Amino acid sequence: MLRLTPNGTPVINFTVASTPRVFDRERDAWWDGEPTFLDCTVWRQLAENVAASVRKGARLVVGRLRTER
């Protein structure tokens with residue numbers, strides 16, 4: 001949900017869930033891998049754009065999502 005900081009800056013917090021699909025050659029079938037949950041915070045114009053256009057369940061990432069430590 002979009003909110004404003006005390007000085008009026010728009011900000012929104014949300015979580016992105018990513019569940020990779022894994023192909024098992026032995027079973028010749030696709031399986032869901034281990035889900036990853038990413039907490040996100042966006043500010044200013046991007047926050048307003050996300051609030052106006054993204055809804056729960058919307059696809060935000062197309063392709064493979066990778067994280068690094």
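User: In which element is the place of Arg 44?
Analyst: The model is predicted, and local features need pLDDT of at least 70, side-chain atom pairs count only at pLDDT 80 or more, and totals for chains, interfaces and linings use all residues. Residues are numbered from 1 along each chain as its sequence is written, and side-chain values use heavy atoms, with hydrogens and water left out. Helices (H or I, at least four residues) and strands (E, at least two) are DSSP runs, numbered from the N terminus. On that basis, residues 44-53 form the helix that holds Arg 44, which is α1.

User: Is Arg 44 buried or exposed?
Analyst: Buried means under 20% relative accessible area, exposed over 50%, and partly exposed in between (1.4 Å probe, protein chains only). Arg 44 has a relative accessible area of 54%, so the residue counts as exposed.

User: What is the phi of Arg 44?
Analyst: Most residues other than glycine have a negative phi. Arg 44 is not a glycine, yet its phi is positive, near 55 degrees.

User: What pattern does the chain follow when read along the sequence?
Analyst: The chain has 1 helix and 5 strands. Read along the sequence, the pattern is β-β-β-β-β-α.

User: What is the strand order of the open sheet?
Analyst: Two strands pair if DSSP finds at least two bridges between them. The open sheet has 3 strands with antiparallel pairing. Its edge strands, each pairing on one side only, are β1 (3-4) and β5 (36-43). The order is β1-β2-β5.

User: Which residue in β5 stands opposite Phe 14?
Analyst: Strand β2 (residues 10-18) runs antiparallel to β5, and 8 bridges join the two. Opposite Phe 14, the residue in β5 is Cys 40.

User: With which residues is Thr 5 in contact, leaving aside its neighbours within four places in sequence?
Analyst: Thr 5 is found in the loop between β1 and β2. Its relative accessible area is 15%, which means that Thr 5 is buried. Contact means heavy atoms within 4.5 Å. With neighbours within four places left aside, the contacts of Thr 5 are Val 11 and Trp 43.

User: What is the bridge partner of Phe 23 in β4?
Analyst: β3 and β4 pair in the antiparallel sense over 4 bridges. Arg 21 stands opposite Asp 32 in β4. For Phe 23, the bridge partner in β4 is Trp 30.

User: Which residue in the turn of the hairpin formed by β3 and β4 has a positive phi?
Analyst: The hairpin has 4 residues between β3 and β4.

User: How many Å separate the C-alpha atoms of Glu 26 and Arg 55?
Analyst: Glu 26 is in the loop between β3 (21-24) and β4 (29-32), and it is exposed, with a relative accessible area of 79%. Glu 26 and Arg 55 are 29 residues apart along the chain, and their C-alpha atoms are separated by 37 Å.

User: How many Å separate the C-alpha atoms of Asp 28 and Val 50?
Analyst: Asp 28 is found in the loop between β3 and β4. Val 50 is 22 residues from Asp 28 along the chain, and the C-alpha separation is 38 Å.

User: What is the radius of gyration of the chain?
Analyst: The radius of gyration is taken over C-alpha atoms, and the globule rule is 2.2 Å times the number of residues to the power 0.38. A compact globule of 69 residues would have a value near 11 Å. The C-alpha trace spans about 60 × 25 × 15 Å along its principal axes. The radius of gyration of the chain is 16 Å.

User: What percentage of the residues of the chain count as buried?
Analyst: Among contacts between residues at least 6 apart in sequence, 47% join residues at least 24 apart. Of the 69 residues, the buried share is 14%.
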